[in-house]
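Me: I am new to this structure and would like to learn how its features get their names. Could you take me through them one at a time?

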Amino acid sequence: METVLSGIRPTGNLHLGNYYGAVTSFVKLQDIYRCFFFIADWHSLTTHPTPDNIQRSARTILAEYMACGLDPEKSTIYVQSDVPEVAELYLYLNMNAYLGELGRVTSFKEKARKQPDNVNAGLLTYPTLMTADIIIHKANKVPVGKDQEQNMEMARKFARRFNQMYKVDFFPEPESFSLSKDGGIKIPGLDGSGKMGKSDDNCIFLCDEPSVIRKKVMKAVTDAGPQAPNSEKPEVIQNLFTLLKIVSTKDTYDYFNDKWNDCSLLYGELKKKLAEDIIAVTAPIRERIKEYSSNTELLEKVARRGAEKGRESASKTLREVREIIGFKVY
């Protein structure tokens, strides 16, 4: 059985973009593949070096993962820092990664521009830690977006380089992966800027209360309205229709699309309906989030079991890596 791995940083709650863009696929994947889903708390330090409460944040994501349908009986769900073998493999990979190639990575250059006072070594070596996360479990498939494709190419390069340097056929070269042919659902934000992110004015969190969802949707960016029949929708309006298509019925979508085409669309009516349909979708998830979040004993049990399963897989790989390189095997 092939292995799938994916991770998310605990720097905020899950939102609709995470849910439709990734987590719904994870739920399906766990019935088909050997799956590892981890909470990337080490990765979060590259941009949030002094987290308020990183353990609490990790447990929040764990509760939300489970509320969305990830099953710790089917998948290995763990916190990255609970599997220290990853850090040792990260060290070995860094010894064979070169400054020039790391400095050319687009995501590094973008983050360096955004945080010029915190261009840290972890930011530079993000691709090697990502590679260690993947190949420590010999994962074959990694569900990622297009923004991570260069890092995936680096992961393949580092896996291939290890094999070539030590003359072994040990690590598989992981491939980017999506259940859908178009690469997955892209969820737009509410501020008209494109992809949904974690800023309050741009996203709907799965834990948001109905009143909060209504307020956010009603503040979503729009324009002056349709100016000619059957005209192309501007991006900010297409964003709302994209959300509508995902959370509403086809009849609802067609109703508002017809209103746009005959220039009778009222944005207030559209937003009110969109908000209510988002509330209907998120309500059962929100209730499960509350249930899991209040059960700290269960969360600790799931985290411990995930760490045990993660370490069982990782330690086997690391023992073989140490033997291949020539170190003492513990």
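Me: What makes E2 and E3 a pair?

Reply: Two strands pair if DSSP finds at least two bridges between them, and E2 and E3 pair in the parallel sense over 4 bridges. Strands here are DSSP runs of E with at least two residues, helices are runs of H or I with at least four, and both are numbered from the N terminus. One link is isoleucine 39, whose bridge partner in E3 is valine 79. Please keep in mind that this is a predicted model, where local features need pLDDT of at least 70, side-chain atom pairs count only at pLDDT 80 or more, and totals for chains, interfaces and linings use all residues. Residues are numbered from 1 along each chain as its sequence is written, and side-chain values use heavy atoms, with hydrogens and water left out.

Me: How do you know that E1 is joined to E2?

Reply: There are 6 bridges between strand E1 (residues 3–8) and E2, and the two run parallel. Isoleucine 8, for example, has isoleucine 39 as its bridge partner in E2.

Me: What does leucine 124 touch?

Reply: Contact means heavy atoms within 4.5 Å. Not counting residues up to four places away in sequence, leucine 124 touches Leu99, Leu102, Gly103 and Phe108.

Me: And why does threonine 125 get its label, buried or exposed?

Reply: Threonine 125 counts as buried because its relative accessibility is 11%. It sits in the loop between H7 and helix H8 (126–135). With neighbours within four places in sequence left aside, threonine 125 is in contact with Tyr90, Asn94 and Leu102.

Me: Which way do the residues of strand E3 point?

Reply: In strand E3 (residues 76–79), Thr76 and Tyr78 point one way, Ile77 and Val79 point the other way, and all are buried. In a regular strand the side chains alternate between the two faces of the sheet. Strand E2 (residues 34–39) is mostly covered, with 5 of its 6 residues buried.

Me: What makes a group of residues a nonpolar core?

Reply: A nonpolar core is a set of buried Ala, Val, Leu, Ile, Met, Phe, Trp, Tyr and Cys residues joined through side-chain atoms within 4.5 Å. The largest one here has 56 residues, and Tyr65 and Phe241 touch the most other members. This core draws at least three residues from each of domain 1 (3–186 + 296–325) and domain 2 (210–290); such bounds come from an automatic or database domain assignment. Apart from it lies another core, of 29 residues, among them Phe36, Leu93, Phe170 and Val321.

Me: How do you know that helix H13 has a kink?

Reply: The bend at a residue is the angle between axes fitted to the seven residues ending there and the seven starting there. At threonine 282 in H13 there is a kink of about 40°, shortly before proline 284.

Me: What span is expected for H13?

Reply: The expected span of a helix is 1.5 Å times one less than its number of residues. H13 (residues 267–294) has 28 residues, and its 38 Å from first C-alpha to last is close to the expected 40 Å.

Notes
Buried < 20%, exposed > 50% of the residue type's maximum accessible area, 1.4 Å probe, protein only.
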